Amino acid sequence: HAATGQKYTRKQVRSIIREVWPDDLEETALFVAQRESNFVHRVVGGKNNCCLGLFQVYWWVQKTWLSTIGIEQPSQLLEPQANAEAALALYRRNGNSWRPWWTSSWRP
């Protein structure tokens with residue numbers, strides 16, 4: 001993982017997502033990350049700033065199992081590699097489903 005605080009361009013962020021996600025999922029992962037964060041890896045959003053990074057991972061809901069993949073602090077989710085890995089793990093934990101990112105208008 002890169003040093004905390006490093007800034008990444010959107011192009012670099014897209015590259016990281018492509019590296020982390022399997023080829024057959026990367027286009028949808030890119031779509032989700034664009035919708036969630038516009039590829040801005042340090043974005044914090046949602047109610048009470050609950051959701052972090054590229055895929056807007058909900059720290060308080062996911063923190064228990066995130067430690068099993070080495071994410072012990074919410075700030076780690078602001079690093080694009082860690083966030084993409086957490087999002088892929090979340091996708092797999094949900095039975096290979098995009099459900100955590102569903103909206104009223106988007107369900108693949």
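Which residues form one aromatic cluster? Select Trp21, Phe31, Phe55, Tyr91, Trp98, Trp101 and Trp106, and you have the cluster on screen. Before going on, note that this is a predicted model, where local features need pLDDT of at least 70, side-chain atom pairs count only at pLDDT 80 or more, and totals for chains, interfaces and linings use all residues. Residues are numbered from 1 along each chain as its sequence is written, and side-chain values use heavy atoms, with hydrogens and water left out.

**Stop 1: the aromatic pairs**

Rings of Phe, Tyr and Trp (its six-membered ring) pair if their centres lie within 6.5 Å; planes under 30 degrees apart are stacked, over 60 edge-to-face, and the rest tilted. By this rule there are nine aromatic pairs.

Pick tryptophan 21 and tyrosine 91 to see an edge-to-face pair, with 5.6 Å centre to centre and 70 degrees between the planes. Tryptophan 21 sits in the loop between α1 and α2 (23-37) and tyrosine 91 in helix α4, so the pair ties together parts 70 residues apart in sequence. (Helices are DSSP runs of H or I with at least four residues, strands are E runs of at least two, and both are numbered from the N terminus.) Tryptophan 21 is buried at 1% relative accessibility, and tyrosine 91 is buried at 7%. Here buried means under 20% relative accessible area, exposed over 50%, and partly exposed in between (1.4 Å probe, protein chains only).

Now pick phenylalanine 31 and tryptophan 106: this pair is tilted, at 5.3 Å centre to centre and 35 degrees between the planes. Phenylalanine 31 counts as partly exposed at 38%, whereas tryptophan 106 counts as buried at 15%.

**Stop 2: two helices crossing**

Show helix α1 (residues 10-20) and helix α4 (residues 80-93), whose axes come within 9 Å and cross at roughly 40 degrees. Axes are lines fitted to C-alpha atoms, for helices over the stretch in contact, with angles from 0 to 180 degrees between N-to-C directions. In the contact (heavy atoms within 4.5 Å), look for Val13, Ile16, Glu19 and Val20 of α1 against Pro80, Gln81, Ala84, Glu85 and Leu88 of α4.

**Stop 3: glycine 53**

Finish in the loop between β2 (51-52) and β3 (57-58), where you will find glycine 53. Glycine 53 is buried, with a relative accessible area of 0%. Leaving aside neighbours within four places in sequence, glycine 53 contacts Ser37, His41, Val43, Leu77, Leu78 and Asn83. Draw a C-alpha to C-alpha distance from glycine 53 to asparagine 83: 6.3 Å in space, 30 residues apart in sequence.
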